[in-house]
Amino acid sequence: MSHPIRRVAVLGAGVMGAGIAAHLANAGVEVLLLDIVPPNLTPAEAGERSARNRFSQGGFDKALKSRPASFFHPSRATLVSVGNFDDDLPRVKDVDLIIEAVVENIDIKRKLFEKLEALAGPETLLASNTSGLRIAAMLEGRGESFRKRFMVIHFFNPPRYMKLLELVPGAETDPAAFARVKAFGADVLGKGVVVAKDTTNFIGNRIGAHAMMAAIHQMLADGLTPEDVDAIVGTPMGRPKSAAFRTADMVGLDTFAHVADNCHKALTTDEDREVFAIPAFIRTMVEKKQLGDKTKGGFYKKTPEGVQTLDPTTGEYREKKTTKEVSSFVKTLRDVEDVGERLRLLAADEGPAGRFAWKVLARGLSYAARRVGEISDNVWSIDDGMRWGYNWELGPFETWDALGFEKATDRMLADGVALPDSVKAMRANGVKSWYREDGAVYNPLKGAYEARESDPKAVPFRLARKGAAVWENEGGVIYDLGDGVASLTLKSKMNSVDPSTIEAQEEAVARAERDFEALVLFNEGENFSVGANLMLVAMGASSGDFESIRALAARFQAANQRMKYAKVPVVAAACGMTLGGGLEMCLGAGAVQAAAETYSGLVEVGMGLVPGGGGCMNLLWRALGDIPEGVAVDAYPYVTQVFKNIALAKVATSADEAKMLGFFRHSDGVTLDRARLLHDAKQRALGLARSGWHAPAPREFKLPGESGIATLKMMVLSLVQGGQASEHDAKVALHVANILCGGVDGAAAPVSEARVLELEVEAFLSLCGEEKTQARMQYFLMNNKPLRN
């Protein structure tokens, strides 16, 4: 077996290079980040290491400060060291992989590769992060060994957040070298790896640029506005809310124009080449530096009067406006959750929205079909590329199936859309879809279905579970995952906590203890759980039904404690938003296997409440839990930090940060590829079950009591006096202080879990009776954002 890739050199510390370096560090890889020595240094600066490293250090510093964050946690940055090409390029002899990310200039790349050929180790893998240059052209003059170890490794920006990684082999790339990098991308970096061909802009940017440009040209032809286009091609079409023009502003119009120009220049034989021609109004925008967010104005611009839109016909900014027929129809799709149903309704609309959408869809679907064999030898790689690289809900061929393959194909043929002969043959032979229920995918190059390459660790939940549901109610469903592992999946909206989900928790633990070896909490959708069903709490509070609220909180506490002390391990597969009650479930689980992109915190104070499902107690017990018995430690510093995390509603923006804040254990697992989360959680559960699992023994701790409450009160009042917190914020915070300090008598004797849980429920009930808390809950339910009062 080949040795693992432990050290990587990234050459070029621009936005992409520094972002790649940051994500490598996120994955635990040691990184050497190099860039050129700044030109025109003074004689004094020429001898200073800091001045010579200014470009690489600057790129690193920007990555460290970037928002959204490039690093999972600042501690990951310690894995990155910086240097410059003149002084440090020989250090590449000690790395396992070199990723070139310098400017897209083929002469500069060739000169750098010439130096690397003399310096890199004989087994060092070599890759370019080029977004469009051809491998053969870049490798001109390089020897056989270099060519065998060379490939393209194309990250999408920002590297931490975008799943797609396009890998492109050269004509002479050694299959074993390519396989090492492919495994590294999937297993270590958590990327969705798509193998592309050495063609202009590969897969993602070829199809993505075509889709964007087709929408812009069709807008001009139909006389629609940029607002119309963004309303249509965003969520209704199963694409990001940023749609077309807002996406271009985020990416930068100069970057967008560069990609399109590259296609138009290089694709001289492309039958739809002219779609890549930049319209004159966009060319003018680029010349005027109206590049989008980075120049404070592109297609859209924020002004004191509100957001304005650039009018393509005049080149001037105006107030935002949408064609009435377009906006009216798009509103009808807002509550349609299924993307396939939205697409079918959109394509069937006979108004301007539907006519525009169909023309853009038909042009895009036919273009993707004509590219099979040129940019990829199968359709699933194109679909994966668009979902992972452009955040489409469905790739083009999945979209085709969602529209109905036969119906959509017949309509395109009737409209005179240029479909390739392979698709016409599919229709003539009675093929009904690109994808079959058994997982096979139609390959138009072979004229037959074939099994697609799949990741055995990324099996969809619907295929991972065995048979029908073991048990089900309106709040949750229990499945058998095989190998002695059960799963509980919540069914409520956004997996919120209510009496039915609590019942499902209780039933799942009982059945797991009786019939299984372990239990995994695995919720489908983007988020693990957004917390309690606030509507139920608000209704109970407004009607004065505090006993039902007490019963709900106490039952949720008991359910989480039941998991904590279960006779089988319970593993929570946290992901996405894991807030409030969602985090309380994780705190009650025996272990957590979290997706790297997990956003967790106890945020109840924003509603004027305290955590009511055991969150206060379990977060504090987690902080105190590693103190050896018999060691006399002042609990106040621990209490203070937990208090800050709750009272300030801190939210960890990664699983790594959640560990640092004490939300997760340092021993909890992190999965970089969300698609593998179920597999990893199941394996963790089995590992715990089969290595001598025993539930922990309850512990008691002496807490600060009255003196701690008084000290925390001073801290809170200083925030109020400084205008940083309201009087009601202070009231909520003092309830948190009372809970965490064990009440006024918390220092008199060791405090039990039951006592802290009791304090938690009493505080929760007390705050539910406050008018300002009720107002905050109502405001949040109506506006989906917290009210400060």
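Guide: A pocket is an open set of points on a 1 Å grid over the protein atoms alone, with protein on both sides within 12 Å along at least five of seven lines; lining residues have an atom within 4 Å of a point. Its volume is the space filled by probe spheres set on the points, which are joined across faces, edges and corners. This is a predicted model, in which local features need pLDDT of at least 70 and side-chain atom pairs count only at pLDDT 80 or more, while totals for chains, interfaces and linings use all residues. Residues are numbered from 1 along each chain as its sequence is written, and side-chain values use heavy atoms, without hydrogens and water.

Helices (H or I, at least four residues) and strands (E, at least two) are DSSP runs, numbered from the N terminus. With five residues, H27 contributes the largest share of the lining of the second largest pocket.

A cavity may be set beside this pocket. In a cavity, a 1.4 Å probe fits but cannot get out. A search of the whole structure finds one cavity of 30 Å³ or more. The largest cavity has a volume of about 120 Å³. Thirteen residues line the largest cavity, and Ala211, Arg239, Gly364, Leu365 and Trp392 are those nearest its centre. At least two residues of this lining come from each of helix H10 (204-222), helix H17 (352-371) and helix H19 (396-403). The greatest contribution to the lining of the largest cavity is that of H17, with five residues.

Charged side chains form another part of the picture. Across the whole structure, the search finds 59 salt bridges, in each of which a side-chain nitrogen of Lys or Arg is within 4 Å of a carboxyl oxygen of Asp or Glu. One network of salt bridges links Arg206, Asp270, Glu271, Arg370, Arg371 and Glu374.

A residue is buried under 20% relative accessible area, exposed over 50% and partly exposed in between (1.4 Å probe, protein chains only). Glu450 and Lys446 form a salt bridge whose closest N and O atoms are 2.8 Å apart. Glu450 has a relative accessibility of 16% and therefore counts as buried, whereas Lys446, at 59%, is exposed. In the salt bridge between Arg514 and Asp515, the distance from N to O is 3.2 Å. Arg514 is exposed because its relative accessible area is 56%, while Asp515, at 43%, counts as partly exposed. Lys93 and Asp94 also form a salt bridge, and their closest N and O atoms are 3.6 Å apart. Asp94 has a relative accessible area of 46%, so this residue is partly exposed.

The backbone deserves attention as well. Arg67 and Pro68 are joined by a cis peptide bond, with omega about 0°; Pro68 belongs to the loop between helix H4 (54-65) and strand E3 (80-84). Another cis peptide bond runs from Asn157 to Pro158, again with omega near 0°. Pro158 is part of the loop between strand E6 (150-155) and strand E7 (164-169).

Two asparagines have a positive phi. For Asn201, phi is near 65°, a positive value in a residue other than glycine. Asn201 is placed in the loop between strand E8 (192-195) and H10, and its relative accessible area of 2% makes Asn201 buried. For Asn784, phi is near 55°, which is likewise positive in a residue other than glycine. Asn784 is located in the segment after helix H34 (771-783), and this residue counts as exposed because its relative accessibility is 62%.

Leu333 sits in the loop between helix H15 (324-331) and helix H16 (339-348). With a relative accessible area of 4%, Leu333 is buried. Its C-alpha atom is separated by 6.7 Å from that of Pro236, although Leu333 and Pro236 are 97 residues apart along the chain.
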